[in-house]
Amino acid sequence: MYVFISILILIAAVLLILIVLIQNSKGGGLASGFSSSNQIMGVRKTTDFLEKATWGLAGTVIVLSIVITAFIPRAEMSNQSEIRQQVNEAPMIDPGIIAPDFGTAQQPIVSDEEVPAE
């Protein structure tokens with residue numbers, strides 16, 4: 001279903017691109033070629049059709065984009081976050097490897113004179 005809706009979105013997007021390219025920015029576009037008033041579709045009807053088709057295809061792309069979110073393929077639902085899962089699956093550090101310990105290196109050195117008496 002996800003692939004089918006994706007194909008529908010792609011087709012609607014291509015048709016939307018073609019219809020927008022057919023239109024003239026000054027209002028003529030495809031309609032400017034039909035100068036004869038004896039045509040079945042007059043100049044005004046052609047521009048009305050192109051405008052309605054543009055809005056219809058734009059709405060179709062938006063609606064299908066929202067609908068497709070319900071069909072996104074999901075692997076498995078886990079109860080823990082992805083980061084925690086990666087930490088749990090990470091290989092354990094070899095105890096023979098010496099790593100810097102930044103926490104203890106930052107401790108101030110206390111001399112015998114500064115130690116409070118108990």
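Let's start in the middle of the protein, where Ile 5, Ile 9, Ala 12, Leu 16, Ile 19, Leu 50, Ala 53, Leu 57, Val 61, Leu 64 and Ile 68 form the largest nonpolar core, with 11 residues in all. A nonpolar core here is a set of buried Ala, Val, Leu, Ile, Met, Phe, Trp, Tyr and Cys residues joined through side-chain atoms within 4.5 Å. Helices α1 and α2 each supply at least two residues of this core.

Before going further, note that this is a predicted model, in which local features need pLDDT of at least 70, side-chain atom pairs count only at pLDDT 80 or more, and totals for chains, interfaces and linings use all residues. Residues are numbered from 1 along each chain as its sequence is written, and side-chain values use heavy atoms, with hydrogens and water left out.

Now follow helix α1, residues 2-22. Its 21 residues reach 30 Å from the first C-alpha to the last, close to the 30 Å expected at 1.5 Å a residue (the expected span being 1.5 Å times one less than the number of residues). Its buried residues are Ile 5, Ile 9, Ala 12, Leu 16 and Ile 19. These lie on the same side of α1 because they cover an arc of only 95 degrees around the axis, taken from the directions from the helix axis to the C-beta atoms. The face turned away from that buried side carries the exposed residues Val 3, Leu 10, Ile 17 and Leu 21. Buried means under 20% relative accessible area, exposed over 50%, and partly exposed in between, with a 1.4 Å probe and protein chains only.

Leaving aside neighbours within four places in sequence, Ile 5 is in contact (heavy atoms within 4.5 Å) with Leu 64, Val 67, Ile 68 and Phe 71. Thr 54 sits in helix α2, residues 43-67, and counts as buried because its relative accessibility is 17%. Not counting residues up to four places away in sequence, Thr 54 touches Leu 16, Ile 19, Val 20 and Gln 23.

Stepping back, the protein has four helices and zero strands, where helices are DSSP runs of H or I with at least four residues and strands are E runs of at least two, numbered from the N terminus. Of its 118 residues, 14% count as buried.

Finally, a word on confidence. The mean pLDDT (the predictor's confidence in each residue, from 0 to 100) is 74, and 53% of residues reach 70 or more.
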